[in-house]
Amino acid sequence: MAQAGVAAQAGGMPGPVEAEATAGPPRSREGPRRRRRDWWRALIFTAVVGIILAGFLSPLLRALAVSLRQPEQVGQLDSPQWPAVHATFDYQGKTYDVYEVPIDGKVQDLALVKKGREASQFVDPGNAAAGLITWEGSWRNLTRAWSFAPDWNNYAVVWDQIGYPRLLFNTAALALFETIGTVLSCTLVAYGFARFRFPGRAILFTLLIATIFLPYVVTIIPTYAVFLKLGWVGTWLPLIIPTFFANAYDVFLLRQYLLTIPREMDEAAAIDGAGPFRTLVSVIIPQAWPAIVAVAIFHVVYAWNDFLGPLIYLTTKPELQPLAVGLAHFNTLHYRNQAFIQAGTLMTMIIPIILFLVFQRVFVKGIVITGVEK
Amino acid sequence: MAAIPVQPVQTARRRWPRRFSLGRSALARREARWGLLFIGPWIIGFLAFTLLPLLASLVFVFSNISLSSDETFRFVGLTNIRNMLADRQVWEALGVTFKFAALNLPIAIVIPFAVALVLNSKYLVGSTFFRTFFFMPYVIPFVSGVLAWQGMLNLETGWVNVVLRFFGVQNPPDWLGDAATIYPSLAFIGLWGIGAGVIVNLAGLRGVPTELYDAAHIDGAGWWKSLRHVTLPMMSPVIFYSLILGIVDVLQYFLVPLVLYNGSGEPGGSTLFFNLILYKHAFAYQNFAYAATLAWLLFLITLGITLIVFRTARYWVYYRGDDR
């Protein structure tokens with residue numbers, strides 16, 4: 001049966017069934033010709049997807065290229081996409097500018113040694129020993145050549161101008177406190193929903209899930225007004241305190257995970273005299289560690305990404321703002337110098353990217369739990 | 001029974017009618033008390049940060065509460081609602097939001113599904129590698145992502161137009177500077193957030209039983225018919241979930257244009273999204289009453305649309321086990 005399914009799929013376009021098919025029996029019976037055809041298909045298909053992926057991620061490469069551009073490239077429309085300076089060449093103890101010179105129908109990069117009105121003398125940087133080359137025409141009409149030269153100094157400048165150490169500290173501190181609040185509260189609440197029967201549990205859980213679908217704008221104004229009354233606007237408290245009261249996504253993720261832990265473990269602990277809290281600490285948490293780590297990492301990334309919260313609560317306090325808000329502000333000031341903007345952009349995203357690459361399995365698992373099991 | 005510590009919950013319980021009691025036996029009551037204790041933080045949070053603010057903003061709708069005026073708090077009846085109904089900017093902003101939603105919603109649902117299909121294909125070599133890097137932009141802070149894409153879509157120096165010029169396009173569009181191309185461009189920028197959707201769709205695809213495809217093949221179904229009659233029905237719960245969340249999200253859309261244009265609504269007012277207007281009334285003019293009125297309008301619109309979609313669910317969303 002499985003063979004038949006594979007044969008059907010091989011005849012058509014790549015389809016969803018293949019994940020199982022590859023795990024199935026080898027397609028040896030179908031002969032070498034079919035296998036070779038599949039091999040070609042895989043090659044072409046993978047290459048096409050690779051090109052799409054390259055395009056998808058190319059803004060990152062562009063951000064890097066632009067972030068290393070030299071100050072003299074700013075506003076120069078003829079300057080190349082890559083970081084570059086106007087090329088020069090040292091010849092017999094003096095430095096000469098390099099121009100793009102059309103000779104015999106092709107363009108050569110030559111250093112202009114002796115300027116002349118009707119004809120100028122050049123030297124070929126690649127073959128200086130050959131001596132001077134005379135070119136007929138006005139050198140003023142030539143464009144200057146560029147040579148590759150990344151300017152790492154942009155990062156140092158942005159580091160100072162944007163106040164990176166301060167922003168990084170704020171972001172990390174906010175992420176830390178928010179993550180502690182989220183992990184603590186969501187673990188308790190998930191444990192309550194997963195392990196205890198109480199009247200109205202189903203309704204309360206539905207209510208919890210329903211909050212995912214509630215537009216935040218409808219609650220944010222009174223919340224802001226109350227925080228303003230409390231004198232918390234302009235502090236980190238409005239961002240940190242609510243995380244200690246659990247949120248639907250993370251409770252859901254943890255609860256789903258706790259439901260997979262066999263109850264026999266808790267019961268054994270209960271027989272040994274452990275109370276519900278003791279059971280949570282010594283049985284449940286060690287078992288649920290992968291899910292707890294997932295929640296923690298998700299929340300760090302979430303806090304790093306958060307923009308609206310810090311924007312409205314910390315507008316008047318630049319010294320307390322996190323990277324996202326600092327970067328947006330920096331952009332309104334320096335948008336003309338894209339080298340600075342893109343350097344700041346990369347400096348803002350680098351830590352979540354590293355976290356993701358290190359913990360990518362955790363990410364994928366966490367999303368599968370929250371997204372699919374509903 | 002004697003060993004159980006007396007808690008406030010228990011004293012409160014005595015006054016409740018029987019059907020609200022925590023349970024019949026002492027053991028059940030004890031369990032219920034612990035359960036409520038553990039979910040306590042969420043209950044408090046739900047009251048403090050969801051339910052009360054929700055009701056408070058409804059009260060705001062009928063009040064004059066505003067930080068920008070010195071008037072004392074009083075109820076003003078339907079004044080805010082009347083002002084809103086007469087406010088052309090509000091209706092134009094709703095139009096902007098709906099126009100963008102109509103374009104973005106299908107993209108935000110179809111593209112993650114399509115990418116998941118690709119990642120699940122047997123012809124893709126190294127699907128884990130691709131999955132990792134299609135997901136990666138999801139973790140990039142959106143301000144960074146927006147600024148990287150802003151450069152990418154720049155009229156002169158953006159790589160999109162560099163590539164178009166390379167292929168001979170004489171006057172490539174000013175993607176983010178022209179009202180005609182702004183919505184597709186914003187939808188395009190949004191693709192950096194598809195990571196979670198891709199993973200969810202991928203997990204859904206892997207959960208479709210192989211026998212169904214075998215059966216479809218025996219009935220003579222090709223790739224397209226298998227997709228249409230097996231994959232899509234089996235994936236309908238995932239699509240439904242993405243659709244509902246997508247509606248709630250897209251109706252609140254405004255942060256990307258806020259970063260791109262600093263809230264100016266450029267180009268030509270095309271990015272004056274509903275939530276941008278709301279944000280300005282709430283946090284720039286600090287007119288809480290009017291902002292709350294707008295918020296409740298958006299809430300009711302969102303609720304109405306999601307309820308309609310929920311109503312349609314029984315015609316197209318297939319849950320396994322429904323037949324039994």
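Two residues are in contact here if their C-beta atoms, placed from the backbone, lie within 7 Å. The model shown in these views is predicted.

**View 1. Chain B meets chain A through 88 of its residues.** Helix 2 of chain B, residues 26-61, gives the most to the side of chain B that touches chain A. Its share is 20 residues. By class, that side of chain B holds 63 nonpolar residues, 20 polar ones and five charged ones.

View 2. Along the principal axes, the C-alpha trace of chain A spans about 100 × 75 × 40 Å.

**View 3. Strand 2 and strand 3 of chain A form an antiparallel hairpin.** Strand 2 covers residues 88-91 and strand 3 covers residues 94-103. Four bridges pair them. Among the residues involved, A:D90 has A:T95 of strand 3 as its bridge partner. Two residues lie between the strands. In this hairpin A:Q92 takes a positive phi near 50°.

**View 4. Chain B contains 14 helices and zero strands.** Read from the N terminus, the elements of chain B are α-α-α-α-α-α-α-α-α-α-α-α-α-α. The radius of gyration of chain B is 26 Å, well over the 20 Å that the globule rule gives for 324 residues, so chain B is more spread out than a compact globule. Taken along the principal axes, the C-alpha atoms of chain B fill a box of roughly 85 × 65 × 35 Å.

**View 5. Helix 4 and helix 9 of chain B cross at roughly 55°.** Helix 4 runs over residues 88-119, and helix 9 over residues 195-206. Their axes come within 8 Å. The two helices of chain B are therefore oblique to each other. Their crossing is right-handed. Helix 4 of chain B makes the contact with B:P112, B:F113, B:V115, B:A116, B:L117 and B:L119. Helix 9 of chain B answers with B:G197, B:V198, B:N201, B:L202 and B:L205. Nine residues of this contact are nonpolar and two are polar, with no charged residues.

**View 6. Helix 3 and helix 14 of chain B pack at an angle of about 70°.** Helix 3 spans residues 79-86, and helix 14 spans residues 288-316. Their axes are 9 Å apart. Angles of 65 to 115 degrees count as roughly perpendicular, and helix 3 and helix 14 of chain B are therefore roughly perpendicular to each other. Helix 3 passes helix 14 of chain B in a right-handed crossing. From helix 3 of chain B come B:N80, B:I81, B:N83 and B:M84. They meet B:A289, B:Y290, B:T293, B:L294 and B:L297 in helix 14 of chain B. This contact has six nonpolar and three polar residues, and no charged ones.

**View 7. The loop between helix 12 and helix 13 of chain B holds B:N262 and B:P267.** Helix 12 covers residues 255-261, and helix 13 covers residues 274-284. B:N262 is not a glycine, yet it has a positive phi of about 60°. Further along, a cis peptide bond joins B:E266 and B:P267. Omega for this bond is about -15°.

Technical notes: Residues numbered from 1 in each chain as written. Chains lettered and ligands numbered in written order. Predicted model: local features only at pLDDT ≥ 70, side-chain atom pairs only at ≥ 80, totals over all residues. Nonpolar A, V, L, I, M, F, W, Y, C, P; charged D, E, K, R; others polar. Pairing = 2+ DSSP bridges. Axes fitted to C-alpha atoms, helices over the stretch in contact; angles between N-to-C directions. Parallel < 35°, antiparallel > 145°, perpendicular 65-115°, else oblique. Left-handed = near helix turned anticlockwise from the far one by under 90°. Rg over C-alpha atoms; globule rule 2.2 N^0.38 Å.
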